[in-house]
Amino acid sequence: MLKFQKGQDIVEFALMLPFFTLIFVGIVYVSFLYSDYMTLCNLARSAARDAVVSEDMIEVPDGSGGTTPKRDFSKIKASYDKILTDGGIRTSLYLYTPGSIEIEPAPLPGSTDITTVNVDIPMILNRNASLIGALFKVGVLTADSAVNEYHVSYYMHDEHPTS
């Protein structure tokens, strides 16, 4: 080994360390996002299942002076809203706005037959999260970035299609 090559390993390590750190942090953040996604998918599936087996009904005006029965998902919405508000999401990358969960009878995309229940959980990117906040400050992410909103929708066949 030549004399001027003795510190070569340290210099190469010093040059590569920031790249390896960036890759590692990126893998961790993507893992957090995937964990949140899986949690939200499971919550949406569970809420949809509770909605389709629910037999709660309310009377709503039918427009001709009478009333008609309609499915009532308010208890289920309140239950899952409480789960999401009280820490249902483990990381702080996305934030849940209390009261924004939607549970509605809805047709499957491309269909007109309302025999399904749709659960939609909207999330908003947390701009105060450490790395995310830094990306906003340097201009990599902007207010109109596609990653600002995050929706998890889940459709399940309605066992009581009298909506």
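Which side chains meet in a salt bridge at 3.8 Å, N to O? Before I answer, a word on the basis of this talk. The structure is a predicted model, in which local features need pLDDT of at least 70 and side-chain atom pairs count only at pLDDT 80 or more, while totals for chains, interfaces and linings use all residues. Residues are numbered from 1 along each chain as its sequence is written, and side-chain values use heavy atoms, with hydrogens and water left out.

Let me begin with the overall arrangement. The protein has three helices and six strands, where helices (H or I, at least four residues) and strands (E, at least two) are DSSP runs numbered from the N terminus. Read from the N terminus, the order of the elements is α-β-β-α-β-β-β-α-β. Of the 163 residues in the protein, 31% are buried; buried means under 20% relative accessible area, exposed over 50%, and partly exposed in between, with a 1.4 Å probe and protein chains only.

I now return to the opening question. The side chains are those of Glu104 and Lys77. A salt bridge here is a side-chain nitrogen of Lys or Arg within 4 Å of a carboxyl oxygen of Asp or Glu. Glu104 belongs to strand E4 (residues 102–105) and Lys77 to helix H2 (residues 74–85), so this pair, 27 residues apart, links distant parts of the chain. Both partners are partly exposed: Glu104 has a relative accessible area of 35%, and Lys77 has one of 24%.

Strand E4 also holds Ile103. This residue counts as buried because its relative accessibility is 1%.

Asp86 and Lys82 form one through their side chains, at 2.7 Å, N to O. Asp86 and Lys82 are both exposed.

What, then, of Asp72, which is buried yet has no salt bridge? Asp72 sits in the loop between strand E2 (67–71) and H2. The nearest side chain of opposite charge is that of Lys75, 6.4 Å away; Lys and Arg count as positive and Asp and Glu as negative, with His and the chain ends not counted. The side chain of Asp72 does make a polar contact with the side chain of Ser74, at 3.0 Å. A polar contact is a pair of N or O atoms within 3.5 Å; within protein, one must be able to donate a hydrogen and the other to accept it, and residues adjacent in sequence count only if both atoms are side-chain atoms.

A pocket is an open set of points on a 1 Å grid over the protein atoms alone, where a 1.4 Å probe fits, with protein on both sides within 12 Å along at least five of seven lines; lining residues have an atom within 4 Å of a point. The volume of the largest pocket is about 210 Å³, taken as the space filled by probe spheres set on the points, which are joined across faces, edges and corners. Among its 13 lining residues, Tyr29, Leu33, Ile132, Leu135 and Leu141 are the closest to the centre. Helix H1 (8–53) and helix H3 (130–137) each supply at least two lining residues, and H1 gives the most, with six. By class, the lining has twelve nonpolar residues, one polar and no charged; Ala, Val, Leu, Ile, Met, Phe, Trp, Tyr, Cys and Pro count as nonpolar, Asp, Glu, Lys and Arg as charged, and the others, Gly among them, as polar.

Finally, Leu131 lies in helix H3. With a relative accessible area of 30%, Leu131 is partly exposed. Its C-alpha atom is separated by 9.1 Å from that of Val25, 106 residues apart along the chain.
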